[in-house]
Amino acid sequence: MDSLTRKHLENLQSPDAKSRNESFVYIMEVTEKPVDWAYEVWEDLLSQLKHRDNHQRAVAAKILANLAKSDPEKRMIRDLNEMIIVTKDERFATARQSLQSLWKVAAAGKELQNKVIDNLIDRFMNCTTEKKHSLIRYDIIQVLKNLYEHTLEENVKLQALQLIGMEEDTKYKKKYLTLWRSLKKPGNGR
């Protein structure tokens with residue numbers, strides 16, 4: 001790992017919010033492509049998923065999601081449950097941000113894709129007792145849409161449409177369907 005990246009990773013713990021944010025943006029940009037240093041920070045990020053500060057939990061989840069493509073040892077298969085736990089965080093914003101990043105984990109390989117989709121389906125079907133369950137369902141449909149746009153796998157689209165079909169509230173069903181109407185066509189920016 002180069003010294004600039006190391007410094008930005010260290011800054012994620014800085015008491016200065018501006019410094020933390022700049023470093024987060026840098027790390028997210030760097031990890032848009034596979035990196036060779038993922039395992040140097042992997043265990044630390046996993047432990048950060050349980051940090052007392054909800055912002056640290058969200059940051060760790062987003063970075064781990066980005067690092068899933070840099071995981072030749074397939075550790076994410078073992079650690080996926082730790083990521084899923086954060087999608088149910090006591091702080092709703094942290095839970096949503098973690099949930100919204102799951103498409104990147106699913107895009108890292110077929111086995112991960114299947115596990116993430118299974119978790120999303122289960123959550124969609126069983127979240128009705130949670131506060132703001134319609135937002136959770138919306139995020140799940142968005143995750144599946146992002147995954148579909150990345151992979152163009154029809155089964156991902158079919159899963160999303162089946163879940164939308166299960167929604168009993170017409171207002172929310174329409175809202176979820178609008179995500180798929182705005183679907184990017186292959187070759188249009190992806």
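Guide: Let's begin with helix H4, which gives the most to the lining of the largest pocket, with six residues. Helices here are DSSP runs (H or I, at least four residues), numbered from the N terminus. The model is predicted, so local features need pLDDT of at least 70 and side-chain atom pairs pLDDT 80 or more, while totals for chains, interfaces and linings use all residues. Residues are numbered from 1 along each chain as its sequence is written, and side-chain values use heavy atoms, leaving out hydrogens and water.

Visitor: How is a pocket found, and what volume does the largest pocket have?
Guide: Rolling a probe the size of a water molecule over the atoms shows where empty space is left. On a 1 Å grid over the protein atoms alone, a pocket is an open set of points where a 1.4 Å probe fits, with protein on both sides within 12 Å along at least five of seven lines; lining residues have an atom within 4 Å of a point. Here the largest pocket has a volume of about 300 Å³, the space filled by probe spheres set on the points, which are joined across faces, edges and corners.

Visitor: Which residues lie nearest the centre of the largest pocket?
Guide: His-55, Gln-56, Ala-58, Val-59 and Gln-97 do, out of 14 lining residues.

Visitor: Which helix gives the most to the lining of the second largest pocket?
Guide: That is H3, with five residues. This second pocket holds about 210 Å³ of space, and H1 (3-11), H3 (38-48) and H4 each supply at least two lining residues.
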